[in-house]
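Welcome! Take a look at the structure first.

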Amino acid sequence: MLRSWYLLCCLWALHLPGAGEGAAAAAGREIDTAHYRERVKAMFYHAYNNYLENAFPYDELRPLTCDGQDTWGSFSLTLIDALDTLLILGNVSEFQRVVNVLQEGVDFDIDVNASVFETNIRVVGGLLSAHLLSKKAGVEVEAGWPCSGPLLRMAEEAARKLLPAFQTPTGMPYGTVNLLHGVNPGETSVTCTAGIGTFIMEFATLSHLTGDQVFEDVARKALKALWKNRSDIGLVGNHIDVVTAKWVAQDAGIGAGVDSYFEYLVKGAILLHDEELMSMFLEYNKAIRNYTKFDDWYLWVQMYKGTVSMPVFQSLEAYWPGLQSLIGDINNAMRTFLNYYTVWKQFGGLPEFYNIPQGYTVEKREGYPLRPELIESAMYLYRATQDPTLLELGRDAVESIERISKVECGFATIKDLRDHRLDNRMESFFLAETVKYLYLLFDPDNFIHNDGSAFDVVPMPYGECILGAGGYIFNTEAHPIDPAALHCCRKQKEEQWEVEDLMREFFFLKKSKKSTFKRTADRSERESQTASADVSSESSKGKMNPEKNTKRRIPLLSCPNQPFTSKLSVLGQVFLDNT
């Protein structure tokens, strides 16, 4: 399974069209992607400009009253969340301006109770992504970038404010922390599963860039604590006491309160090439299929018995088809996606809760706060299959959001999809995720979709580093992380050799379209000539010695199955740790 998953990732990075049945019918119902791309861009600026004019420096815009409010900690949150979207839309000048604004105006040394989960995914994730994209945006970076820089220091400062929450007997964090004083003495010890298991992407990236292992260590400890406390049938509940490790809410599913825990097992495995994380997810996936899946829907069940507790679909569950696509389960992903799409067509959005047997909304859960999850899945699946149905979802989303949610000062949360009443809030994820995924769905040539044919060479003190070659991994707030950056700041000799070898391979591929891989670090010209002579001699005798062979011919655009220890790929060719 791991080998087939890795092969799919390789194919996805190459943007090879899939064999989905709907792809054959593309010509008959073609959608004008350029038209909708411009519509999405206009949506972004209508919301973004109104935030700047009416709400900044507050966290979020209130679009019905044309003012602002602090929601998650008084960080000018919408500005941080929207920063990398600006670059994806091509606005480098505004990106540069906002970077300066954030450096001058954001202070984390404040007496505010902040959500550990939300601060991590929105603030730490947003700053890390913007830091890694700064050079591409034309920002003048300091010496040592990407291993140093003002946005990286801001991300590290914000993350350090969260560390006291992890000081529990189990290693699972509290849900809220005071940014000035740490965890309040009376803070509840009950935290949702997602609030415990959604740190490995941001915290591991911080550890790799800064060299401080504490961030990755606490994130891993929290992940393993959840794994240790799963039920005998392999499921986790919704809320757990982080002091006693007792499950408080025992409903098991893939939606609210659990969702991004599963997401980060998969994405953490990809980012870190971590077989353990992927194995954990695959075990969960078996239990999820066995106990919660019914006719391509996923229900909520009792975590110890597997009996159905809530036969509902939650809008937050719509990320699941996209996650399935990342492990190569395309057919199941498409079937589940089409179920969710029928709900969208019924209401013009996804209600927070949808009663599956009754085929209608659940009381007091009829709203749609412009969430991105179904659009996110459409973007992933379209990259994998080119099925035009996925573009149709994008088209329907643009039309619905503009028709129902657009107001003079932005886009408002839909309080009730039945009568289209609005609520006075525009969450920051609308600009961070919803608009971003829509734009990327309609923009096949965006740098985010890079297939490795273009990249940046960054001089480092010990060699050169490759960045911007593609393979970006989105955190759960849609902030893209360049996985290659995690290999730029290691100083070990083995890492130096690997970077140098990859650099030579990139340049040789570009010049000759053929791949000849040679280790030259710390070897004299005479030794190389001797090794070549040995290879020729052995080859002529029909006895090729792999230890003496310093050349290897690699076919272009090949994507062989490789062990999970594979690290980077160039034009589809996977390079191994032991090459």
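This is a predicted model: local features need pLDDT of at least 70, side-chain atom pairs count only at pLDDT 80 or more; totals for chains, interfaces and linings use all residues.

How many bridges join β8 to strand β11? Residues are numbered from 1 along each chain as its sequence is written, and side-chain values use heavy atoms, leaving out hydrogens and water.

**Solution 1.** Strands are DSSP runs of E with at least two residues, helices runs of H or I with at least four, numbered from the N terminus. β8 and β11 (residues 300–302) run antiparallel and are joined by 2 bridges; two strands pair if DSSP finds at least two bridges between them. A252 has V301 in β11 as its bridge partner.

**Exercise 1.** Find the strand order of the open sheet.

**Solution 2.** The 3 strands follow the order β8-β11-β12, with antiparallel pairing. β8 (251–252) and β12 (308–310) each have a single partner strand, so one side of each lacks a neighbour in the sheet.

**Exercise 2.** Decide whether helix α15 is mostly covered or uncovered.

**Solution 3.** α15 spans residues 388–405, which is 18 residues. Of these 18, 14 are buried (under 20% relative accessible area, 1.4 Å probe, protein chains only), and α15 is thus mostly covered.

Definitions and conventions
The expected span of a helix is 1.5 Å times one less than its number of residues. Buried means under 20% relative accessible area, exposed over 50%, partly exposed in between (1.4 Å probe, protein chains only).
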